[in-house]
Amino acid sequence: MDTEAGPGSLPHASGTARPVPEAESELVQRWHARGGELVELLTLVRERVGGVAAFRLGPAHTVLVTEPHAVQHVLARHPETYVKRSHRARLLVGDGVLSAEGEAWKRQRRLLQSQFTGTGMRRYDARITEAARVTAERWAAYARTGQALDVGREMQRFALDVIWRSLTGHPLDDDTQRELTAVEAVGAALPTLPADAEDAREAVAADLARIDAVARRAIEAARGGEVGPDGPGLLRVLVDAAAERPEYTDRLIRDELVTLLAAGHETTANTLTWLYLLLDQYPGAREQTLAAGGEGSDQRRQAVQALVHETLRLYPSAWVLPRHAAEDDTLAGYTVEAGTDLLVCPYLTHRDPELWPDPERFDPRRFLTPNGRPSHTGAYLPFGIGPRACLGMQFAMRESTVLLERLLPAHTVVFSSTPEKAKYGITVRPDGPTPATLRPPLG
């Protein structure tokens, strides 16, 4: 479906700009009185006002952006006007590439970009394949014995193994895995920490100390020339950069390491967990995927990738993207003043019925059928778009596809219970455990 024009498109012609239409204050007050989540307010604002809409949570306007042309304008066409400010995860990732700004961000991004595109990606293929093999063997053992597993924990373990191998050249061992649960703990705590930076740090000090100790040992090993069974990892690239770039202190190397650990495993684990929860509701999607082609065929791989894409449509890696207007601008025919905060919301764009027919339905065929999905760049952005789009897009798709090609034909996941809702923090994840058993596929 082409969304270059048609229902829901907004004015872009030159002329006198108008104020951004604002949601009524009573709507916000009612939401606030019942203690609603931010996603509920944004959904109401989008439904009542449209794809570029203002609302007030305090003295100033916040502008919600979900319309594809406006999304592209903010993230891709004018990133110098709509900038990132201090990232909520800075307490965890410090000055890593996720939270860095300005020239520092450009330098850090440039160093890492080559590691996650083109030929750079190929160095990780064997590591991804081995991590998937280990996971598949573990699941085969669960199936033989009837042992229960938690799908979310299994996906966390797989994704963490992949990124640890990629960073260090070593498979993930049990001790390191236990210590790195602190990364997830801090990430989950961030939305509820005190506003005061010192108090926030104190609240998670023990977990940060555990993370720092793991990072310190890994950096020392890389600097000492230690090579794992998979060869040198990405951490060696960062350590070597310090020889020519004085900004790469041990602290910045630590921050990049933790950024890659946090961003490189939690989003993939969430996506794979959501995917299996969706297959539990729509079992025919698994059968359609396996029927698309034989093992190892391009057709099956494309069908598996469509499963991942449709999961990311419903539960994008970054569900909301905050930006700040550094200067006055005209957005979709509306005036945006310097100093305005904006929230680009892929989660709502992906669930817009004018872009995605029957948007709440899980239907991977959207990504296999000609004209099955909107053509506009701003209509599908699970990893963001523009210069600050996620570095690990290709990496995440590769590891998800490789694992699913092994697991989908071998097992049907039978959940004993499923979470009733999602939790919207920095990422969107199932709000609860995902206990299950495995049985062989029918037929």
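Analyst: Helices here are DSSP runs of H or I with at least four residues, strands are runs of E with at least two, and both are numbered from the N terminus. The model is predicted, so local features need pLDDT of at least 70 and side-chain atom pairs count only at pLDDT 80 or more, while totals for chains, interfaces and linings use all residues. Residues are numbered from 1 along each chain as its sequence is written, and side-chain values use heavy atoms, with hydrogens and water left out.

User: Why is Leu234 called buried?

Analyst: Buried means under 20% relative accessible area, exposed means over 50%, and partly exposed lies in between, with a 1.4 Å probe and protein chains only. Leu234 has 3% relative accessibility, so Leu234 counts as buried.

User: What does Leu234 touch?

Analyst: A contact means heavy atoms within 4.5 Å. Leaving out residues up to four places away in sequence, Leu234 touches Leu112, Gln115, Phe116, Tyr124, Ser166, Leu167 and Leu260. Leu27 is 207 residues from Leu234 along the chain, and their C-alpha atoms are separated by 49 Å.

User: Which residues of helix 11 are buried, and what covers them?

Analyst: The buried residues of helix 11 are Asp207, Leu208, Ile211, Ala213, Val214, Ala215, Ala218, Ile219 and Ala222. Their cover includes helix 4 (90-93), helix 8 (151-168), helix 9 (174-189), helix 10 (197-203), helix 12 (234-241) and helix 13 (250-281).

User: What makes strand 6 largely enclosed?

Analyst: Strand 6 (residues 321-325) has 5 residues, of which 4 are buried, so the rest of the structure largely encloses it.

User: How do you know which strands pair with strand 6?

Analyst: Two strands pair if DSSP finds at least two bridges between them. Strand 4 (residues 82-83) has 2 bridges to strand 6 and runs antiparallel to it; in this pairing Val83 stands opposite His324. Strand 9 (residues 341-344) is joined to strand 6 by 4 bridges, again antiparallel, and there Arg323 stands opposite Leu342.

User: What makes strand 1 and strand 7 edge strands?

Analyst: They belong to an open sheet of 3 strands in the order 1-8-7, with mixed pairing. Strand 1 (18-19) and strand 7 (329-331) each pair on one side only, and are the edge strands. Strand 1 runs parallel to strand 8 (residues 334-336), with 2 bridges between them, and Pro19 has Thr335 as its bridge partner.

User: What makes a set of residues a nonpolar core here?

Analyst: A nonpolar core is a set of buried Ala, Val, Leu, Ile, Met, Phe, Trp, Tyr and Cys residues joined through side-chain atoms within 4.5 Å. The largest has 115 residues, and those touching the most other members are Leu42, Phe55, Leu92, Trp139, Met155, Tyr276 and Trp319. Helix 13 supplies the largest share of this core, 15 residues. Apart from it lies another core of 20 residues, including Val63, Val71, Leu331 and Ala332.

User: Why does the chain's radius of gyration agree with a compact globule?

Analyst: The radius is taken over C-alpha atoms, and the globule rule is 2.2 Å times the number of residues to the power 0.38. For 443 residues the rule gives a value near 22 Å, and the protein chain has 22 Å, so the two agree. Buried residues make up 52% of the 443 residues.
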